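Open the model in your viewer and keep the selection tool ready.

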Amino acid sequence: MLDYAGLEALAAVVREGSFERAAHKLHVTPSAVSQRIKQLEERVGQALVLRGQPCSGTEAGRRLCLHVEQVALLENDLRRKNPELIPEGQAALPSLKLAVNADSLSTWFMDAMAAFTEGSNELLDISIDDQDHTAQRLKQGEVMAAVTATGSAITGCNTWPLGRMRYVAVASPAFVQRYLSQDGTLQSIARAPMMCYGRKDSLQDQWLQSLGVDGRRNAARHFLPSNQGYSKALELGMGWGMHPVQMIESELKLGRMVELMPGQSLDIPMYWCHTRSAQASLQRLTDCVIQAAAACLEPMTAQ
């Protein structure tokens with residue numbers, strides 16, 4: 001049998017990042033938190049917390065935290081259906097840990113979040129990561145569900161296709177005049193300064209590769225992990241970059257931005273994945289995600 005006092009302490013330490021903050025949340029002393037986790041580690045026979053700044057969970061620790069979150073969801077469902085069993089205010093509201101890529105969050109996923117929270121009391125804990133890496137967070141037990149570009153099966157998870165996010169290569173007129181006015185070929189684009197959202201961002205390279213050009217040797221790359229900052233940097237002519245069509249249409253119409261190769265877009269398939277063991281608890285969130293994605297994304301290409 002698992003010790004739920006120990007599990008609660010473990011989840012608090014991993015969530016808060018320190019024993020002190022976890023103790024404050026649980027209204028106990030840091031030594032009490034440490035003792036509970038020590039007893040839990042002795043019971044399961046392995047380390048569950050990586051002590052550091054901040055503290056984090058081992059693989060086993062993260063999976064136990066996920067178990068705690070799933071139990072909290074089940075208890076919340078029970079409380080909604082049978083409020084007399086667990087009086088209001090005697091249990092903390094459950095928190096859903098999700099991983100979402102920044103472009104989805106800036107376009108359609110906010111609608112899914114709003115629709116979900118309007119009819120529920122669950123809290124959302126969103127982690128932002130590249131769409132090619134959110135699935136890894138799910139595999140490692142860091143999150144319960146994710147928006148990802150990975151359509152392949154993930155052990156212990158269910159996957160739904162959402163649609164395709166369309167990207168176009170854009171730059172400011174001033175950037176085009178400075179770097180591409182003499183030779184607007186793909187090779188010159190591949191050599192020009194790029195804007196990248198972060199070091200995991202490979203959309204520019206994927207777009208060039210889809211057109212038969214290898215741009216990976218281009219070291220002239222700016223890294224700016226902020227959607228607003230990224231858009232502003234493109235507008236100011238710092239570099240060229242891939243941008244979701246939904247976020248750039250007005251700038252293209254006004255002439256503040258220019259599509260570098262009209263008609264040559266890059267479509268990234270998007271999927272919704274969540275742990276199978278939490279399917280019942282996450283069904284309404286899944287419905288909200290699928291509905292919001294259908295209103296914004298391009299339909300999936302038939303296989």
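Contact here means that heavy atoms lie within 4.5 Å. Bear in mind as you go that this is a predicted model.

**Stop 1: helix α3**

Select residues 30–44, which form helix α3. Check its length at once.

Now show the side chains of Val33, Ile37, Leu40 and Glu41. These four are buried. They lie on the same side of α3, because they cover an arc of only 100 degrees around the axis. The spacing follows a general rule: an α-helix has 3.6 residues a turn, so residues three or four places apart point the same way.

Step off the end of the helix. Gly45 follows α3, and its phi is positive, near 80 degrees.

**Stop 2: Lys97**

Select strand β3, residues 95–100, and pick out Lys97 in it. Is Lys97 buried or exposed? Its relative accessible area is 16%. The cut-off for buried is under 20%, so Lys97 counts as buried.

Next, show what touches it. Neighbours within four places in sequence aside, Lys97 is in contact with Glu69, Asp125, Glu142, Val143, Met144 and Ala145.

**Stop 3: Ala153**

Move to the loop between β5 (145–148) and β6 (157–171), where Ala153 sits. Ala153 is exposed, with a relative accessible area of 77%.

Then draw a distance to Leu282. Ala153 and Leu282 are 129 residues apart in sequence. In space, C-alpha to C-alpha, they are 18 Å apart.

**Last stop: the whole protein**

Zoom out and colour by secondary structure. The protein has 13 helices and eleven strands. Its C-alpha atoms fill a box of roughly 70 × 40 × 35 Å along the principal axes.

Of the 303 residues, 47% are buried. Among contacts with a separation of 6 or more, 74% join residues 24 or more positions apart.

The accessible area comes to about 15400 Å², and carbon and sulfur atoms account for 51% of that.

Finally, colour by charge. There are 29 positive and 32 negative charges, and their mean positions are 4 Å apart.

Methods
Residues numbered from 1 in each chain as written. Heavy atoms only, no water. Helix = DSSP H or I, 4+ residues; strand = E, 2+ residues; numbered from the N terminus. Buried < 20%, exposed > 50% of the residue type's maximum accessible area, 1.4 Å probe, protein only. Areas by Shrake-Rupley, 256 points an atom, 1.4 Å probe, with all protein chains shown as cover. Lys, Arg positive; Asp, Glu negative; His and termini not counted. Charge placed at Lys NZ, Arg CZ, Asp CG, Glu CD. Expected span 1.5 Å × (residues − 1). Arc of directions from axis to C-beta.
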